[in-house]
Amino acid sequence: MAEIEKSEGIVDWLDQRLAIKKFNKVMMTEYWIPKDINFLWAMGVILASMFGVLLISGIFLLMYYKPDTAQAFDSVNYTIMQEVAYGWLFRHIHGVGASVIFLVIYIHMFTGIYYGSYKKGREMIWISGMLLFVLFSAEGFSGYMLPWGQMSYWAAYVITNIFGGIPIIGDELVVWIRGNFFVSDATLTRFFMLHVLLIPLMIMGAIGLHFYALRIPHVNTQTGDSIDFDAESERFLSGDKKNSKVIPFWPVFLAKDFFVLSTFLVFFFYLVFFHYNFAMDPVNFDPANDLKTPAHIYPEWYFLWSYEVLRGFFFDIFGISAFDLGLMAFAFANGVFFVLPWLDRSPTVAPANQRPYFKVWFWLLILVMIVLSVYGKLPPTGANAWVGFVSSVAFLVLFISLPLVTILERRSTK
Amino acid sequence: MQNKSRRAFMGKAFAGVAGIGAIASLVAMKKTWDPLPSALSAGFTTVDLNSAEAGKLNVVKWRGKPVFILKHTPELEKDEVRDVVIGSDRYTVLIGLCTHLGCIPTWNPGDSKFKCACHGGEFSASGVQQFGPPPRPLDIPPFKVNGTELVLGEEGEQYKKILAATLVS
């Protein structure tokens, strides 16, 4: 047992028992961050904070929400929105927050792609981040079902039906997921459980893994240069803070992060108070009706690109049905980001603007994803269907060609 | 040495117990998510066809799904395999869920087609896919003809005949 002495105060008392000073050093004051970064490196802290905002607003909604098909719609649109003091505020924070967190996730993700922060030892950061993306997608989808409006119901219907495309077990799997032959009370209640308990727990675990994955390879810099963290941190601790290439996580790095965070939160609460409607689809203010599909079904903006890939294939090719082609493309689109570190065959870690071929690839990818997102919201008829098809194919071709593009780049820049 | 083999034995014993426990738990968890008996048995719907009007789509609910019942007008194209014949009348009986992703198509009397708004699929009056992503015709629910009544959920002679014919084709 450790040698316990009479303590000199509360901090010392705790330190003798929990080693809080050592803990603080390891986690905060001697956790080193490179200096050569910009505001895009603050997205992680914004995301962690937004998760907190969603958790807290969710707890308040949870106290009045009823996961029952007969009561869900009214518990949201009447009880929470009209009776509960500030219920409208918590709902709008939660709804707008869910939308905005995806905006920041995409910025965070494409920052990583742009600066090549997914390779040369940083693969686990990337994979744990993609895991978080998938978990947040599941969280967003399960939460969207809860108000039990028309869009909730039909989104649930369409998305659970996707599992029917899995060979052999498909049809039974769909019934199993729904707990009935159709989207019903059992479905609502189990997705409620997933939304408020199981997926948030998994997200917290994945956030822990994501943070831990940063410890060994460290965060990337604007130039991609590797830094001798031991030497630079020694220089910082010896007093030469100016010439050291690193800063401590706390208080130096977080001070700037909090500034970016407050700028973001001003924007966020501006949306919550004055422009919340973009996150509140009008169709979802009609109660769920299992005998009437809304004229036009579309997901929230952050799923539009993969939704468009799903429905982009509207005719059979080589005897493979349009339905299966769409499903395969959809599965590919959602899985391919995970293996990005291995598709990029160039060892260069540098911002995309310094990589002649990758630069073109990166901006094409952004363009294709924007086109997919725009057309994902439009009705899939006439010319729209063809734009959807061409851009879906372009998306697949981009990822399939990435190894070739990066190998050519590696050879040309030798 | 003896200690080591004892530890190995304990390890194997634990692995065995934990493995059986894990499998049993997974079975229980899987079954918890299965449809409840009440959901499984909820259902035979009887429809009286006497009041059906030719050319006008009737939608009834069966096991939470919309079922389309369309009494044919003489102009409608006949489908010898899929049409339900009751007396001198022909009917289309379909589960009204698009076979692509489960939206409910709407009946368009103008060109006698079912059209799905979600992804643009189109079906003939007999439910055969004609355009868009639907991989197969609209499903026909199990039914039994009882005089002028249609019992959904029971497998009658005509249903079995249709099922056999569509499986072959």
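Residues are counted from 1 along each chain as its sequence is written, and chains are lettered from A, with ligands numbered from 1, in the order in which they are written. In this predicted model, local features need pLDDT of at least 70 and side-chain atom pairs count only at pLDDT 80 or more, while totals for chains, interfaces and linings use all residues.

The C-alpha trace of chain A spans about 70 × 60 × 45 Å along its principal axes. A compact globule of 414 residues would have a radius of gyration near 22 Å, and the 24 Å of chain A agrees with this; the radius is taken over C-alpha atoms, and the globule rule is 2.2 Å times the number of residues to the power 0.38. Of the 414 residues in chain A, 34% are buried. A residue is called buried if 20 or more other C-beta atoms, placed from the backbone, lie within 10 Å of its own, exposed if 12 or fewer do, and partly exposed in between.

Next come the domains, whose bounds come from an automatic or database domain assignment. Chain A is divided into domain 1 (1-26), domain 2 (31-294) and domain 3 (298-414). Between domain 2 and domain 3 of chain A, the C-alpha centres lie 23 Å apart. Their contact takes 21 residues from domain 2 of chain A and 18 residues from domain 3 of chain A, where two residues are in contact if their C-beta atoms, placed from the backbone, lie within 7 Å. On the domain 2 side, H6(A) gives the most, with 5 residues. That side divides into 11 nonpolar, 7 polar and 3 charged residues; Ala, Val, Leu, Ile, Met, Phe, Trp, Tyr, Cys and Pro count as nonpolar, Asp, Glu, Lys and Arg as charged, and the others, Gly among them, as polar.

Trp250(A) and Pro251(A) are joined by a cis peptide bond, with omega about 0°, and Pro251(A) sits in helix H11 (residues 249-274) of chain A. Trp148(A) is not a glycine, yet has a positive phi of about 55°. This tryptophan, Trp148(A), lies in the loop between H6 and H7 of chain A and is buried, with 26 other C-beta atoms within 10 Å. Ala19(A) also has a positive phi, near 50°, but counts as partly exposed, with 13 C-beta neighbours inside 10 Å.

Chain A also meets chain B: 29 residues of chain A are in contact with 23 residues of chain B. H7(A) gives the most to the chain A side, with 4 residues.

Chain B itself is assigned domain 1 (2-34) and domain 2 (41-168), with C-alpha centres 50 Å apart. An open antiparallel sheet of 4 strands in chain B has the order E2-E3-E5-E4; two strands pair if DSSP finds at least two bridges between them. Strand E2 (57-62) and strand E4 (84-86) of chain B stand at the edges with a single partner strand each, so one side of each lacks a neighbour in the sheet. E3 (residues 65-71) and E5 (residues 89-95) of chain B pair over 5 bridges, and Ile69(B) stands opposite Val93(B) in E5(B).

Terms used:
Helices (H or I, at least four residues) and strands (E, at least two) are DSSP runs, numbered from the N terminus.
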